[in-house]
Amino acid sequence: GRLYAGGRDGTITEWDLATGLDCRTLATSVPNPTLNTKKSVTALCTLPNSSRLFSASEDGSLTFWNLATAQPIRSYRAHDGYVHAVCVSPEGRLYSGGADRLINEWDVDTGRRHWVLAGHTRWILALTACPASANNGRLYSAGNDNTVRVWDLASGKCIMVLEEHRDWVTSLCLGRDLLYSCSRDGSVKVWDTGSGRCLRSLRGHSSGAAVRAVTVAAGRLFSAGDDKAVVEWDVRQGRIVRTLTEHEEAVVALCAGADGKLFTGSIDGTVKVWEIGELSLSSFGLARVEFE
């Protein structure tokens with residue numbers, strides 16, 4: 001397997017998870033001279049079972065990569081201002097959201113924009129999608145208008161607005177019939193995806209600390225925040241299982257591996273790799289990378 005991380009220096013670093021070695025670095029400059037993408041890489045996602053990687057930048061660009069050649073296929077000025085979020089649906093649709101308050105849907109093969117979803121009143125910070133077999137296909141978006149919006153992908157319409165958070169909603173993830181969101185208000189909220197009802201509000205990060213990322217790994221819920229901590233939750237009981245405190249600065253990125261690993265990224269410049277069974281750092285769990 002491979003792990004990818006983007007940083008403030010405008011590069012994307014690839015690691016081999018079997019060895020922990022830095023394999024290569026992708027520079028986000030592209031042949032088109034009208035695009036100045038030597039900017040922070042703000043979001044990444046891959047297309048499963050393919051050699052495609054998609055990266056977003058603070059200058060509003062969206063770049064399609066061929067990982068077989070480590071070369072960009074194409075790059076677009078996708079948004080006005082930062083592109084804060086990208087995700088790929090299980091059906092292979094690519095979505096991007098940015099500071100212009102818009103969500104774009106892209107064809108991953110041709111790069112053509114299918115449609116634009118409008119509804120957020122401020123920047124879009126997070127996106128995640130569920131398969132068409134679940135709830136007829138839905139996209140979830142969140143931003144610094146303090147809301148989570150639910151989109152029907154068949155019609156392109158917003159069908160629900162979830163408004164329990166009191167500050168920016170910074171990250172989203174899905175787990176079975178539940179949606180998880182986290183916020184600068186210090187909470188992680190658990191939502192029923194069918195009704196949109198907030199089932200539980202979890203608080204466990206240090207008082208006043210923003211929660212920056214949330215993910216489900218090996219069936220467990222994790223959150224990370226400005227208090228430098230990664231928290232594992234027992235969602236049913238609403239309690240903290242354990243807290244990981246290896247990072248020296250705010251933890252701003254979480255990613256679940258398919259083989260029982262959890263990846264954490266921090267503005268301390270490191271990516272750490274955790275074996276979830278023991279929740280201990282692997283021997284190659286430290287590598288330098290500049291995060292926002």
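**View 1. Arg176 is an exposed residue, with a relative accessible area of 86%.** Here, exposed means over 50% relative accessible area, buried means under 20%, and partly exposed lies in between (1.4 Å probe, protein chains only). This is a predicted model, in which local features need pLDDT of at least 70, side-chain atom pairs count only at pLDDT 80 or more, and totals for chains, interfaces and linings use all residues. Residues are numbered from 1 along each chain as its sequence is written, and side-chain values use heavy atoms, with hydrogens and water left out. You can find Arg176 in the loop between strand S16 (169-175) and strand S17 (178-183). Strands (E, at least two residues) and helices (H or I, at least four) are DSSP runs, numbered from the N terminus. Arg176 is not a glycine, yet its phi is positive, near 50°.

**View 2. Lys228 sits in the loop between strand S21 (220-225) and strand S22 (230-234).** Its phi is also positive, about 75°, although Lys228 is not a glycine. With 38% relative accessibility, Lys228 counts as partly exposed.

**View 3. Four strands make an open, antiparallel sheet in the order S8-S9-S10-S11.** Strands S8 (83-88) and S11 (113-118) are at the edges with a single partner strand each, so one side of each has no neighbour in the sheet. From one strand to the next, the twist averages 20°, using axes fitted as lines to C-alpha atoms (for helices over the stretch in contact) and angles from 0 to 180 degrees between N-to-C directions.

**View 4. S8 and strand S9 (residues 93-98) run antiparallel and are joined by five bridges.** Two strands count as paired if DSSP finds at least two bridges between them. Look for Ala85, which stands opposite Gly97 in S9.
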